[in-house]
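Please keep the sequence and the structure at hand while reading.

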Amino acid sequence: MSTIDLQALIPNNVHLGENRQLQRALEHWQPAFLNWWDEMGPSDFKAKEVYLRTAVGVDAQGWASYGYTPMPDYRWGIFLADKEEGRKIGFGDHMGQDVWQDVPGEYRSTFRRLIVTQGDTEPASVEQQRLLGHTAPSLYDLRNLFQVNVEEGRHLWAMVYLLHAHFGRDGREEAEELLMRHSGDADKPRILGTFNEPMDNWLSFFMFTYFTDRDGKFQLKSFAESAFDPLARTTRFMLTEEAHHMFVGETGVGRVIKRTLEVMKELDTDDKATLRQAGVVDLPTIQKYLNFWFTSSLDLFGSESSSNAANYFSNGIKGRPDEAKFADHVEADSEMVIQVPDGNGGIKNETIGVRNGMNEVTRLEYVKDCNIGITRWNMAIKRAGVQFELKLPSTRFRREVGVWAGVPTDPHGHPIAQAEFDQRKDEWLPNDADKAFVKSLMQRVTEPGKMAAWIAPPDRGINANPVDYEYVKL
Ligand code: BYC
C-alpha cells in the first residue's frame, strides 16, 4: 500500500516531497486555489465548523476521517488508488500492452483536453452551488452540501496534479485557466452546458447530485480504464468519494417525495394548488425538475456518433465503464444501430461502428443506472397508495448536443413541430411559476434535527451520529 504524507503542505500519496519542482509548482497553485475558494466557493460560511469527512488514505477500510473543520482548512490532497503491478491496457488497438506511466506524445493534446474538461466541471459545480448554504432545509443538508463542495475541490486537485505532473508548462497554464472560467460567466463560461445552469434551489441541487454527478460516475469509470495509469488510478479513488454525492441526490429527492406524500395523505388530495398552499412540491413539478436535469445531463455524454469517442477508445485513452463486462474489447468492425431524425419529422435507424458509438453505449448504461433510483421513488409513491409514476423522458427529448440537438420532441421522444414544443414546454419543464414557487419554499432551517416543511428527515445521520447532531456550528 502507498504511504500517505498527511503532514505535508499538500497531503499526498505520490511522493511529492521527492520531486521538488513539481512540489513547488503545486505549492504555487495552492494559494490561487484558496483564493478561488474564498471568492467563488460557499459564500459566508468560512469561519464555521463543519462536520466533514476528509480523505486521508486510499485503503478501502479506512480512507477517511471525520471531524469539525472550517472549510478553508480542509486538507485538499492528492490521492491515487494503489498501483496494480503489471497492469495491461484492457481495450482498443493497444490492448494487452503495458499501461503508460506517462502520456505518449501523440496523445498528449487529447489527454490534456479531456483532463481539462473533467477538471473544469469540479469547480464549476462548486460555483453553481455557492449560494445554497443560505437556504439549507436543515443542518444535515447544509453539511452534505459542504461535503460535496470540498470534495469537488479535491477532484479539481486530482486533475490539476495530472496537468502539473505530466503536461509541463501547458499543464500549468491550463491549471490556472481552471480557476479563471466561471459557471454562467458570459465571457468565460465553464466548458460543458450543464455546468453553466443556474442553481438557486435545493430541488435542483438534489436532481443535479442524482443525475449530473452520475454522469461524473460514468465518465470517471471510463477514465478508470485508461491506458494512462495515473489517470486511471486518480479517477478510481475519486469514485470512492463520488458515491456519497449520488447518495445525497437519491435520498434528497426521496425525502422531498416522502414529505409530499405525507401531506397528500393528511389533506387527502392531489390538487396542485392545495399542496402548494400547504408548502410541499407536488409530484408533477418534481417530474418537471427531473426532466430538466436528466436531459441536461444526457448532453454531457457527447454526440451519439462521434469520431472523437472512436479515437479515445481505439487509442486506449478512455474505455467503457466496467470495460471487463463487455465481450469484445477491440470492437474493430462491430456495428450498432442508433436512432436519428429522418429529416421529415420522423425517426430512422442508422448503423454506425461501435467505436463511433461509444458515447451512446455509455449513455445507455447511464440511463439504466438512473432508473434504479426512479424505481425506488416510485415504490414509495405506490406504497402510499398514490396513482402517479415518475418517468425518465426519452433520450431524444430536449437535447442540445448530438443528433437530436434542436429537434423538438415530446417527453416520449416523438418528434413534434417547434410550435407545439414551444406551446407545451411549460407542461414538461419548470416554468416561471414553478420556479418561483420552488424558490419560495427555500427558507433556511438551522435548529439541529429540524427540517424545512417541504422535506422529510433522513432515515439516519452521518457516520453513526443522530439526525439532530450539530453538523454545522453556525
Ligand atoms: N456541453 O464529439 P463530441 C463530473 C462538445 S461530470 C458543451 O460528441 P466527445 C461532475 C465536445 O467537447 C463528468 N459542449 O464530443 C459532475 C466537443 O467539442 P470539441 C465530466 C459539449 O469528445 C457533477 C464537441 O461538442 N467529465 O465529473 O465525443 C459535479 C463535439 O462533441 C457537450 C467529462 O466530461 C456539452 N454537454 O464527448 C462535479 C469527461 N458535449 O472538442 C463534477 C471528459 C460535448 O469539438 N470529457 N460537447 O471542441 C469527455 O470525455 C468528452 O469531452 C465528452 C464529449 C464526453 C464531454
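How many residues surround the ligand, and which are the closest?

## Ligand surroundings

In this predicted model, 31 residues surround the ligand, and the closest of them are R113, Q118, S303, Y312 and K318. For S303, a backbone N or O atom lies 2.5 Å from an oxygen atom of the ligand.

A polar side-chain atom of S306 lies 2.8 Å from an oxygen atom of the ligand, and a polar side-chain atom of N308 lies 3.1 Å from an oxygen atom of the ligand.

## The largest pocket

The largest pocket holds about 700 Å³ of space, and of the 39 residues that line it, T117, L192, D215, Q219 and L300 are the closest to its centre. At least two residues of this lining come from each of helix 2, helix 5, helix 8 (283-299) and helix 9.

Sorted by class, the lining of the largest pocket consists of 12 nonpolar, 16 polar and 11 charged residues.

## The enclosed cavity

Rolling a probe the size of a water molecule over the atoms shows where empty space is left. The structure holds one cavity of 30 Å³ or more, and about 120 Å³ of space lies in the largest cavity. Its lining is made up of Q219, S222, F301, A309, Y312, F313, K318, G319, R320, M358, N359 and T362. Helix 5 (202-223), helix 9 (307-314) and helix 10 (358-383) are the elements that give two or more residues to this lining.

Of the cavity-lining residues, five are nonpolar, five are polar and two are charged.

## Helix 2

Helix 2, which covers residues 108-128, has 21 residues and reaches 30 Å from its first C-alpha to its last, close to the 30 Å expected at 1.5 Å a residue. This helix is mostly covered, with 16 of its 21 residues buried, and helix 2 is also one of the elements that supply at least two residues of the lining of the largest pocket.

## Loop residues

Most residues other than glycine have a negative phi, and most peptide bonds are trans. Against that background, E331 has a positive phi of about 50° although it is not a glycine, and N463 likewise has a positive phi, in this case of about 55°, although it is not a glycine.

E331 lies in the loop between helix 9 and strand 3 (335-341), whereas N463 is placed in the loop between helix 12 (432-441) and strand 5 (472-473). Are these two residues buried or exposed? E331 has a relative accessible area of 10% and therefore counts as buried, while N463, with a relative accessible area of 40%, is partly exposed.

F326 is likewise found in the loop between helix 9 and strand 3. Because its relative accessibility is 17%, which is under the 20% cut-off, F326 counts as buried. The C-alpha atoms of F326 and R112 are separated by 27 Å, and these residues are 214 residues apart along the chain.

Terms used. Residues are numbered from 1 along each chain as its sequence is written. This is a predicted model: local features need pLDDT of at least 70, side-chain atom pairs count only at pLDDT 80 or more; totals for chains, interfaces and linings use all residues. Side-chain values use heavy atoms; hydrogens and water are left out. On a 1 Å grid over the protein atoms alone, a cavity is a set of points where a 1.4 Å probe fits but cannot get out, and a pocket is an open set with protein on both sides within 12 Å along at least five of seven lines; lining residues have an atom within 4 Å of a point. Grid points are joined across faces, edges and corners, and a volume is the space filled by probe spheres set on the points. Helices (H or I, at least four residues) and strands (E, at least two) are DSSP runs, numbered from the N terminus. Ala, Val, Leu, Ile, Met, Phe, Trp, Tyr, Cys and Pro count as nonpolar, Asp, Glu, Lys and Arg as charged, and the others, Gly among them, as polar. The expected span of a helix is 1.5 Å times one less than its number of residues. Buried means under 20% relative accessible area, exposed over 50%, partly exposed in between (1.4 Å probe, protein chains only). A residue is near a molecule or strand if one of its heavy atoms lies within 4 Å of it. A polar contact is a pair of N or O atoms within 3.5 Å; within protein, one must be able to donate a hydrogen and the other to accept it, and residues adjacent in sequence count only if both atoms are side-chain atoms.
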